[in-house]
Amino acid sequence: MSGAWAAPCRLLPLLLLLFHRTSAKGSTGPLQCYGVGPLGDLNCSWESLGDLGAPSTLHLQSQKYHSNRTWTVAVPAGQSWVTIPREQFTTSDELLIWGTKAGRPLWPPVFVNLETQMKPEAPQLDPDVDFSEDDYLEATIQWSPPAWPRHKVLVCQFHYRRCQQMAWTLLEPESKSIPLDPVKIQDLELATGYEVSGRCRMEKEENLWGEWSPILSFQTLPSAPKDVWISGNLCGTQNGQKSLLLWKAPGHCVQVSYRLWFQVKGQELIPQEAPCCSSSIPTQAEWVAVSAINGTSWEPLTNLSLVCLGSGSAPHGVVVSSIAGSTELLVTWQQGSGEPQEHVVDWAQDGELLENLNWVRLPPGNLSALLPGNFERGVPYRITVTAVSPGGLYPAPSVWRFREELAPLVGPVLWRLQDVPPGTPTIAWGEVPRHQLRGHLTHYTLCAQSETRPSVCMNVSGSVQKITLPNLPWGPCELWMTASTIAGQGPPGPSLRLHLPGVSTCGTRYCPIGSGRRSPILPTAIPASPM
């Protein structure tokens, strides 16, 4: 018997010392223990203390009901927590709990009051959210506390955030289960998605919070779009292309449907419904208003006049400049003769869909705009400045600009027109597509080459698209053309082969016989006829 008691006796002085250092709460030091709910299991977790390592055994000693009865719980290797089933202890008991490794205590024991040191489960949030329609928007959310004895009060806190944001806003003051009042979130924005969650604790356990509830997502009342604009050449030659009314999406996590009213010349208002965020503009429409379906009763409609007014009041002198070290563009202009209520600057990449127009609005005294975005090198952008008044629109002519010009990617395609007069070749070519030109055209270069002599080249004005070669001698020749911007000359386009019947050699001025290698020599200009 003396051998069996020897080890516990040797540990007695150490345990007594540790008991004197016992925490009055179960959360001080590396070991933390708490009950889950009023009738749940006991959870204990810990952090390793350097070389001491993790415990292999937890010891629990009753201090209230069982006169220092002690029992143990084995800890699986490598595990930093254990769950002790409810059946192993008495409700409302008080425990001392400590851990050992190889029979040696690792930490001071913690004191756990099973009646108070409990983490409640999460509250339940009602998904049916009510909204006020006063001067500010307020959401009211009903909630239910977790299962708990009715005479004991729980304190719960709630926080919320915009959808897809990281930071939470904590609601003050905290709520209590008795009396149970709804959660109110004030100063919200219309047509916006929000998330809310809550957690609870016992009234006297200020730091022992339960887990956060699952997130409740909700959407505030829809609203009419604040920013509507037009995509397409509404005030010019449309060439069969439709114009669209566009508005900006209300934000992430929100779905809104809209109702539009168009006033068409000589007709009654035409209502129609549309999803976000575009609608075709009927021919001869003069005015449009937009509202949100199921929106608030106190929010006004958003309206825009679609009447195109005289060009005399339109902005003029539009200049687009790139900014060193930036991917943005600066647009400046001079105000027309009218007094607009605002200016709108819109822009789109060449070939972009009508729906992908971008725009910014500016007050009337502001005659410049820094267009945000990553404008790419060598990409053409169409930019339009429009003065807007209650009576209609004053658009300036659109301009095409590049953040930085590059050399063309391809050359023009040549073809032969009917000889006028007979035997005098006339050559025409197509424009290089704007997205392949990658800059403003400065000039063309036309080159000619016979079978045996070097090529000769000449510059041709960028304002013409055909040329007559009146003195071209008989024989085989090959022609090709390049396009140039301020950034440089592009590659040659497809070759055009000519063969005029008669003498089998070309004259040295226009089709010299040489080695056949293309070279950028620029002799005198070949006579050209304007388009």
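The S-S torsion of the C33–C44 disulfide is about 120 degrees in this predicted model, so the bond is right-handed. The two sulfur atoms lie 2.1 Å apart. C33 belongs to strand 1 (residues 31-36) and C44 to strand 2 (residues 42-46). Eleven residues separate the two cysteines. Both C33 and C44 are buried.

The disulfide count comes to six. Another of these joins C156 to C200, with an S to S distance of 1.9 Å. Its torsion is about 100 degrees, so this disulfide is right-handed too. C156 is located in strand 14 (residues 154-162) and C200 in strand 18 (residues 193-202). The pair therefore ties together parts 44 residues apart in sequence. C156 has a relative accessible area of 0% and is therefore buried. C200 is likewise buried, at 0% relative accessibility.

C447 and C457 also form a disulfide, with sulfur atoms 2.0 Å apart. The torsion about this S-S bond is about 110 degrees, so its hand is right. Strand 37 (residues 443-449) holds C447, and strand 38 (residues 456-461) holds C457, so the bond links parts ten residues apart in sequence. Both C447 and C457 are buried.

The protein chain as a whole contains two helices and 42 strands. Of its 531 residues, 44% count as buried. Among contacts with a separation of 6 or more, 65% involve residues 24 or more positions apart.

The largest nonpolar core comprises 30 residues. L245, L260, L304 and L306 have the most contacts inside this core. Elements giving two or more residues to the core are strand 20 (228-231), strand 21 (244-247), strand 22 (258-264), strand 25 (285-292) and strand 29 (342-349). Beyond residues up to four places away in sequence, L304 touches V228, W229, I230, L245, W287, V288, V388 and L393.

T426 is found in strand 36 (residues 426-429). Its relative accessible area is 7%, under the 20% limit, so T426 is buried. The side chains of T426 and T468 make a polar contact at 3.4 Å. T426 and L469 are 43 residues apart in sequence, yet their C-alpha atoms are 6.2 Å apart in space.

Definitions and conventions
Residues are numbered from 1 along each chain as its sequence is written. This is a predicted model: local features need pLDDT of at least 70, side-chain atom pairs count only at pLDDT 80 or more; totals for chains, interfaces and linings use all residues. Side-chain values use heavy atoms; hydrogens and water are left out. Helices (H or I, at least four residues) and strands (E, at least two) are DSSP runs, numbered from the N terminus. Buried means under 20% relative accessible area, exposed over 50%, partly exposed in between (1.4 Å probe, protein chains only). Contact means heavy atoms within 4.5 Å. A nonpolar core is a set of buried Ala, Val, Leu, Ile, Met, Phe, Trp, Tyr and Cys residues joined through side-chain atoms within 4.5 Å. A polar contact is a pair of N or O atoms within 3.5 Å; within protein, one must be able to donate a hydrogen and the other to accept it, and residues adjacent in sequence count only if both atoms are side-chain atoms. A disulfide is a pair of cysteine sulfur atoms within 2.5 Å.
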